[in-house]
Amino acid sequence: MHAGQSPASVAGDVEAIQQDARLYWGQRWTAGQTGWQRAEAEAPRFALNVEAAFDLAATEHQRAVTTQGADTQAAAAALLIDRRSVAGKWVFIPLCGDTPALRFFFDAGAHVVGVDCVMEPLATAMSRLATTCGTTEGSNAVTPDVVAGGIQRLTLRRPGGGSVSLFCGDIFDWCERVAPMLQASGELERFAIWYDRGSFVAIPPSTRARYVASVTPLIETEKPLFTSTMTGSVNPTLPRAVAVFVFVVRSEAGRHLGPPFHCPDAEVRQLLERPQGQQEASAAAGPSSVWKLREIHRHALAANEPFGECVWVACR
């Protein structure tokens, strides 16, 4: 929701997105109505957010190990890798636009996958990345190819490690149809990091449960996030993945507004901590799809402005 927007126009946003999300968001990009970018530009917290997510996962890892009889000090010593390192990991950034988070993870050596329904910001982001990457041999950073059903893809690979793949298309179509196909063919691995920078406030509230259900099967379930000398990969209680959820919030006269939708804290917990049809996994069933959540950050961007940012981290 932007300044001066009424409840009636909120309903108009819902209808417009449901009818043609690509047209709606394309018009927002063209008109420069992209206020969600301000938080990233004025107060980028990518490293801090990821560090907090990994710290939460490390705590859960140690808890899992100590329940097997190991003491806390030994459990901490059993983590053999830098808990803040994302190099070589697969990172998913849905509804990514041209977020600087793409560069953050790419520069860190991760394999970054972004999806958006508008090509303009994707092309802008890829052009910036390719300009500073050096050689783009084996990449497809300028002219997109079509992977399936009209979904376009731009790719960039860095010599020595790291890659970016940006897909233009419907997020549900990509998650439910294209991504499983790419994972089955070996072109895409399961994601160890889900960096969500506004999806919950960008899609209509009625689609949020479907969104979580669509993304969840793409997240890593086999390989533990941390390598441990004390437990094997068969332990279902060890964290497999982390997530960061960034919410841009606009408040006015005590009311929470967009942009364009508001997602209450209680709904975040309901969707991620108690997803529909999901129960805590038993040792036989494998890792749980239930996320452990922690709020780490909430602030206003400026004293005289209604925009603010809230950040949650999670692991499972």
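Tutor: Buried residues, meaning those under 20% relative accessible area when a 1.4 Å probe is used and protein chains only are counted (over 50% is exposed, and partly exposed lies in between), make up 51% of the 316 residues of the chain. The model is predicted, so local features need pLDDT of at least 70 and side-chain atom pairs count only at pLDDT 80 or more, while totals for chains, interfaces and linings use all residues. Residues are numbered from 1 along each chain as its sequence is written, and side-chain values use heavy atoms, with hydrogens and water left out.

The chain has 10 helices and 10 strands, which are DSSP runs numbered from the N terminus (H or I and at least four residues for helices, E and at least two for strands). Contact here means heavy atoms within 4.5 Å, and of the contacts in the chain with a separation of 6 or more, 65% are between residues 24 or more positions apart.

In general, nonpolar side chains tend to be buried together in soluble globular proteins. A nonpolar core is a set of buried Ala, Val, Leu, Ile, Met, Phe, Trp, Tyr and Cys residues joined through side-chain atoms within 4.5 Å. The largest such core holds 50 residues, and the members that touch the most others are Phe92, Trp174, Trp194, Phe245 and Phe247. Helix 7 gives the largest share of this core, with 7 residues. Apart from this core lies another, of 40 residues, including Leu102, Phe105, Ile193 and Val311.

Not counting residues up to four places away in sequence, Trp194 touches, among others, Phe92, Tyr211, Val215, Phe245, Leu272 and Trp291. Phe92 leads on to Val113, for the two are 21 residues apart in sequence but have C-alpha atoms 5.0 Å apart. Val113 lies in strand 2, residues 111–116, and counts as buried because its relative accessible area is 1%. Beyond four places in sequence, the contacts of Val113 include Trp90, Val91, Ile93, Phe167 and Trp174.

Two helix pairs can be followed next. Packed helices are described by the angle between their axes and the distance between the axes; the axes are lines fitted to C-alpha atoms, for helices over the stretch in contact, and angles run from 0 to 180 degrees between N-to-C directions. Helix 7 (residues 171–185) and helix 9 (residues 208–215) have axes that come within 9 Å and cross at roughly 35°. In this contact helix 7 supplies Ile171, Phe172, Cys175 and Glu176, and helix 9 supplies Arg210, Tyr211, Ser214 and Val215. The axes of helix 9 and helix 10 (residues 265–273) come within 10 Å and also cross at roughly 35°. Here the contact joins Arg208, Ala209 and Val212 of helix 9 to Glu267, Leu271 and Leu272 of helix 10.

Glu60 counts as buried because its relative accessible area is 13%, and beyond four places in sequence Glu60 is in contact with Pro239, Lys292 and Cys315.
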